[in-house]
Number of protein chains: 2
Amino acid sequence: MFVIGERINGMFDDVKRAIQEHDPAPIQELARRQVAGGANALDINVGPASKDKLGTMQWLVEVSQEAVDVPLCLDTTNAEVMRAGLEACEGNAIINSTTGEEERMAAILPLAAEFNCPLIGLTIDAEGVPRDADGRMEIALRLVSACMEQGISISDLYIDAVILPVNALQQVPQEVLMTIRMCKALSDPPPNTIIGLSNVSQGTVYRELLNRTCLVMALANGLDAAIVDPLDDKLMEAAIAAEVLLNRNIYCDDFIKAYRK
Amino acid sequence: MFVIGERINGMFDDVKRAIQEHDPAPIQELARRQVAGGANALDINVGPASKDKLGTMQWLVEVSQEAVDVPLCLDTTNAEVMRAGLEACEGNAIINSTTGEEERMAAILPLAAEFNCPLIGLTIDAEGVPRDADGRMEIALRLVSACMEQGISISDLYIDAVILPVNALQQVPQEVLMTIRMCKALSDPPPNTIIGLSNVSQGTVYRELLNRTCLVMALANGLDAAIVDPLDDKLMEAAIAAEVLLNRNIYCDDFIKAYRK
């Protein structure tokens, strides 16, 4: 599983404070700890409160890449902020995200082509998140077609089937699992699949249990990547065990130690 | 998930000792604790060491049903021991198990028909456990056909795709997951699916982590029942969370408490 660390996000109090105080230390500490915890890339989200979103994105990119050298996953709905982040990235970046709306695809896909970087496509359109897996697949197909038209390799596309809080919409997780499975038959090569995991447990009491259980279920359905908290040890151990059971990680007696950095 | 408690098995030292000393207390304590932990039925296995397998089976059945009133799942390869156990059962029993071998089916299936009880069918034949899901499905189909011929309802058949230790045969778990999924297309109504979970982690260091991860993966592929240790709290919590995420258990804020007995 390709692990994208979710913690550098202005919606978290520690990150929000660091942004306000223009203090790189907490950001860099989070960057290092997430990579040590198993992150292959780091999500960068300025958060809802930031006033200078463009400047904050550039600053977060700069201070993060001073600390670690994994790809940064630029998480914004604003194409200008995305461009500013992409220009600030010295190494590889990942675009997070476009939806399947024509307008959003027209703004974001050319950036993926220009900067030659992977792209997360959410199965959302003008009407919002579809009820079921079939609705999600329609949008996924639209994203695949649009990428093909722009010359973006489908192996650079990550379909995010948009998991929602289980306490609000209990039918959603199984539709997401089905979408993950169905994506593998969408094209050849198929797009990758990803989930923004923590959303499933928003507002619930057993957040960590729901997160790790949902992640293992998604891996059992073929998930390729996830945006998660790599500081959650039990989550990472569950993911490692799942990949051992799926024969994606070679078994050894202390497989937890072997696959933790 | 239909939970069958695995602990009354003569391969465990405490049960072996109770059998040798003819002491019902440890057996009855295990029966009560497993039911309190969430078991819907209890597996009864005299174990490899017992000399009077028939008498021991009868005794285990008698003392267990003095303590609890869930169905007993009689776990023996010997048709005479199975009949003795079935005759000792006052309530419902489950037959565990037949393989797909003609000889075994000829000995065991008539007992399922005569006692009108559910039956576990292992995807094993004279050549052993097949390499892959297709081989398992061939045997599953043979079991379905044989049940139909004997007038056994397919909703009383539980296909066990035979999980093996992941440290020895790392490719097996994914074949078992695929078999669980494929079984649902085998007939209408389809057979149930079951796994004898703990086998996956035999000889490994992280037994509990592998067990609960494997169980969640199997549930995500449609598993109906499992033979597990209901005294393993984290395993049971993972199963409950998985069923909440699959919309099989209704969500409530304290779903762990709500679904634990």
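Predicted model: local features only at pLDDT ≥ 70, side-chain atom pairs only at ≥ 80, totals over all residues.
**View 1. The contact between chain B and chain A.** On the chain B side, 37 residues are in contact with chain A. They meet 37 residues of chain A. About 3,100 Å² is buried between the two chains. Carbon and sulfur atoms give 67% of that area. Three residues stand out on chain B: B:Gln170, B:Leu245 and B:Tyr251. Together they supply 24% of the area that chain B buries against chain A, more than any other three residues.

**View 2. Polar features between chain B and chain A.** Twelve residue pairs are in polar contact between the chains, with both residues at pLDDT 80 or more.

**View 3. The side of chain B that touches chain A.** By class, the side holds 22 nonpolar residues, nine polar and six charged.

View 4. B:Ser97 sits in strand 4 of chain B, residues 93–98. Is B:Ser97 buried or exposed? B:Ser97 counts as buried, because its relative accessibility is 7% and the cut-off for buried is under 20%. Neighbours within four places in sequence are left aside here. Beyond them, B:Ser97 is in contact with B:Leu74, B:Thr76 and B:Met82, and also with B:Arg104, B:Ile108, B:Ile120 and B:Leu122.

Note on methods: Residues numbered from 1 in each chain as written. Chains lettered and ligands numbered in written order. Heavy atoms only, no water. Contact = heavy atoms within 4.5 Å. Buried area = accessible area lost by both parts, 1.4 Å probe. Polar contact = N/O pair within 3.5 Å; in protein donor to acceptor, adjacent residues only side chain to side chain. Nonpolar A, V, L, I, M, F, W, Y, C, P; charged D, E, K, R; others polar. Helix = DSSP H or I, 4+ residues; strand = E, 2+ residues; numbered from the N terminus. Buried < 20%, exposed > 50% of the residue type's maximum accessible area, 1.4 Å probe, protein only.
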